[in-house]
Amino acid sequence: MAYSEPVDIYVHSELELCVKEILSCIKPTVADIQNREIAINELTDAIQMDHRLSGVANNMKFIRLARVPLVVYQSRCYNISCDISIDNQAGYVKSCLLRLISYIDERFRELVLLIKECAKAQHLNDPRAGTLNSYSLCLLIIFHFQTCRPAIFPPLRDLYKGNIVNDLKGI
């Protein structure tokens, strides 16, 4: 027979207050999220128009020797750092999937932020040092949301009925 101690309501409420306080510091506001999307669209528009980015981006660097080539820059208007992968179809598909999933339940984004902060604080979010990358942490959280009772997320194959890789080719 399994023995379980009664849950102290005070401890639970203290933990909940602590989590809310942490989230109030690290969770982007709606305006932050909108500004990030605007910054990405600014860069896209600038690249499509004339390839001159000096009016939009600060500290632009092209990192060719990364596992996946990157353009790293900072938006002048919003002071947001952006890493943009180059010729990375898999990364694009993963980003689209995570964005879709984040719209299903706001708690997903919140838990990702919390877990990433905890992982960074414990030096567990640095793939160059042999630890987990951010995408791996997201997958663990997705699995948790799929297997908790009641499940929050359906199986991923139920979220998108088409073949996402084939449907995104050419974008």
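Predicted model: local features only at pLDDT ≥ 70, side-chain atom pairs only at ≥ 80, totals over all residues.
Colleague: Why is L98 called buried?

Modeller: L98, which is found in helix α3, has a relative accessible area of 19%, and because buried means under 20%, L98 counts as buried. Among the other buried residues of α3 are G91, V93, L97, I101 and S102.

Colleague: What does L98 touch, if residues up to four places away in sequence are not counted?

Modeller: L98 touches F108, Y135, C138 and I142 on that count. Y135 is 37 residues from L98 along the chain, and the C-alpha atoms of the two are separated by 9.0 Å.

Colleague: And what makes E110 count as buried?

Modeller: E110, whose place is in helix α4, has a relative accessibility of 17%, and since the limit for buried is under 20%, E110 falls on the buried side. Leaving aside its neighbours within four places in sequence, E110 is in contact with L23 and K27.

Colleague: Why is P127 described as partly exposed, and where does P127 lie?

Modeller: P127 lies in the loop between α4, residues 106-121, and α5, residues 134-147. Its relative accessible area is 48%, and because buried means under 20% and exposed means over 50%, with partly exposed in between, P127 is partly exposed. Beyond its neighbours within four places in sequence, P127 is in contact with L132 and N133.

Colleague: How do you know that the span of α3 is close to what is expected?

Modeller: Helix α3, residues 89-104, has 16 residues and reaches 23 Å from its first C-alpha to its last, whereas 22 Å is expected at 1.5 Å a residue, so the two values are close.

Colleague: Which residues of α4 and α5 meet?

Modeller: On the α4 side they include R107, F108, L111 and V112, and on the α5 side they include S134, L137, C138 and I141.

Colleague: Which residues form the largest nonpolar core, and what makes such a set a core?

Modeller: The largest nonpolar core has 10 residues, namely L97, L98, I101, F108, V112, C138, I141, I142, F145 and F153. Such a set is called a core because its members are buried residues of nonpolar kinds joined through side-chain atoms within 4.5 Å. Helices α3, α4 and α5 each supply at least two residues of this core, and α5 gives the most, with four. A second, separate core of five residues includes A39, A57, Y73 and I80. In soluble globular proteins, nonpolar side chains tend to be buried together.

Colleague: What is F153 in contact with, leaving aside its neighbours within four places in sequence?

Modeller: F153 is in contact with I101, I104, D105, F108, I142, F145 and Q146.

Notes. Residues numbered from 1 in each chain as written. Heavy atoms only, no water. Buried < 20%, exposed > 50% of the residue type's maximum accessible area, 1.4 Å probe, protein only. Contact = heavy atoms within 4.5 Å.
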